[in-house]
Amino acid sequence: MQGRLKDRVAVVTGAAAGLGKAAALRLASEGAIVEILDLNDGSAAVAEIEALGGTSHSIICDCANEEQIAAAVKAIEARHGRIDVLVNNAGILSGRKPWHELSKQEVERYIDVNYLGYFLVTKAFYPLILKSQTPRVIMVASRTYFLANPGQMAYVASKGAVMGMTRVLAKEMGEQGIPVNAVMPGMVATPGTTEHSQEEAFNRVMGNQAIKKRVQPEHLAGLIAFLASDDAELITGQMILCDGGGYLH
Ligand SMILES: NC(=O)c1ccc[n+]([C@@H]2O[C@H](COP(=O)([O-])OP(=O)(O)OC[C@H]3O[C@@H](n4cnc5c(N)ncnc54)[C@H](O)[C@@H]3O)[C@@H](O)[C@H]2O)c1
């Protein structure tokens with residue numbers, strides 16, 4: 001496909017559904033070849049990309065599991081020899097529970113998937129990222145870190161850790177000319193959020209925004225595509241919100 005990302009190889013984790021799927025579709029519509037890594041079957045997303053005239057493959061992979069990640073890297077290396085864009089997005093959302101009722105295991109689960117998962121995936125793909133002429137690493141974080149949402153300590157802490165990782169990697173990978181950024185959507189209706197939140201919660205959040213329009217997966221996908229593009233070559237170490245001005249500080 002033609003476009004500003006023509007023939008770039010993009011890996012999007014957690015792209016069988018929700019924000020990751022929207023990002024995969026957008027990157028493909030701009031010409032990228034998209035590799036989908038997800039716990040669940042991503043063939044529906046692949047079929048949508050192929051219907052657009054794009055190219056995509058999906059690999060079942062638990063992005064918190066080193067062996068499964070290594071197998072995915074091997075398959076993608078065999079197919080393309082490099083990757084140009086890594087979007088770390090696979091994550092688990094949370095309902096509300098007072099912090100003192102959380103068990104060690106519950107907190108560890110968020111750290112494992114939402115933080116360590118991003119680290120393990122980035123580390124495993126690093127040799128393939130180094131082979132790119134136009135490398136990009138994009139982390140899907142969460143503005144809940146700034147909002148300090150009560151009842152979401154484990155989730156918020158895991159996503160806050162992603163911001164720390166983004167800032168350090170931006171400096172370390174800067175040596176190799178690799179931009180690393182984090183993006184943060186407002187509250188978006190996806191399978192992950194609708195499991196815990198009703199329609200009224202989305203409208204309440206929208207009511208607190210400067211621009212009172214519901215944030216859609218496509219809004220975040222557009223930001224991700226921009227960060228993947230040549231125009232974003234010197235944007236690095238940034239935490240970019242896409243929330244209609246719901247958090248202005
Ligand atoms: N939707 C929002 O309002 C919102 C806001 C801020 C941040 N986020 C972040 O965006 C990302 C995507 O959220 P979403 O709303 O699309 O969630 P979602 O639950 O709708 O989709 C997440 C996808 O990730 C996959 N996944 C989960 N754990 C995985 C694992 N260990 N390995 C591989 N795949 C895994 C799921 O199978 C699913 O396809 C998450 O990191 C989330 O924290 C979402």
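## Exercises on a predicted protein–ligand model

Not counting residues up to four places away in sequence, Val121 touches Thr13, Cys63, Ile69 and Asn88, where two residues are in contact if their C-beta atoms, placed from the backbone, lie within 7 Å. The model is predicted: local features need pLDDT of at least 70, side-chain atom pairs count only at pLDDT 80 or more, and totals for chains, interfaces and linings use all residues. Residues are numbered from 1 along each chain as its sequence is written.

### Exercise 1

**Solution.** 
1. Helices (H or I, at least four residues) and strands (E, at least two) are DSSP runs, numbered from the N terminus.
2. A residue is buried if 20 or more other C-beta atoms lie within 10 Å of its own, exposed if 12 or fewer, and partly exposed in between, with C-beta atoms placed from the backbone.
3. Val121 and Ala64 are 57 residues apart along the chain, and their C-alpha atoms are separated by 8.0 Å.

### Exercise 2
Describe the sheet: its strand order, its edges and its twist.

**Solution.** 
1. The protein chain has nine helices and seven strands.
2. Seven strands form an open sheet in the order 3-2-1-4-5-6-7, with parallel pairing. Two strands pair if DSSP finds at least two bridges between them.
3. Strand 3 (56–60) and strand 7 (239–242) are the edge strands; each has a single partner strand, so one side of each has no neighbour in the sheet.
4. From one strand to the next, the twist averages 20°. Axes are lines fitted to C-alpha atoms, for helices over the stretch in contact, and angles run from 0 to 180 degrees between N-to-C directions.

### Exercise 3
Follow the pairing of strand 4 and state which of its residues are buried on each side.

**Solution.** 
1. Strand 1 and strand 4 run parallel and are joined by three bridges. Ala10 stands opposite Val85 in strand 4.
2. Strand 4 and strand 5 also run parallel, with four bridges between them. The bridge partner of Val85 in strand 5 is Arg136.
3. Val85 and Val87 on one side of strand 4, and Leu86 and Asn88 on the other, are all buried, and both faces are covered.
4. Further along, four bridges join strand 5 (residues 136–140) to strand 6 (residues 180–185), again in parallel. Met139 stands opposite Ala182 in strand 6.

### Exercise 4

**Solution.** 
1. Helix 1 (residues 18–29) lies across strand 1 (9–13), strand 2 (33–38), strand 3, strand 4 (85–88), strand 5 and strand 6, and runs at about 170° to strand 1.
2. Helix 2 (residues 43–51) packs on the sheet and touches strand 2 and strand 3; the direction of helix 2 makes about 175° with that of strand 3.

### Exercise 5
How many residues surround the ligand, and how do they divide by type?

**Solution.** 
1. The ligand is surrounded by 30 residues, the closest being Gly14, Gly18, Gly91, Thr190 and Gly192. A residue is near a molecule if its C-beta atom, placed from the backbone, lies within 6 Å of it.
2. Helix 1, helix 4 (104–129) and helix 7 (191–194) are the elements that give two or more residues to this shell.
3. The shell divides into 16 nonpolar, twelve polar and two charged residues. Ala, Val, Leu, Ile, Met, Phe, Trp, Tyr, Cys and Pro count as nonpolar, Asp, Glu, Lys and Arg as charged, and the others, Gly among them, as polar.

### Exercise 6

**Solution.** 
1. Most residues other than glycine have a negative phi.
2. Asp7 has 12 other C-beta atoms within 10 Å, so Asp7 is exposed. Ala148 has 10 and is exposed.
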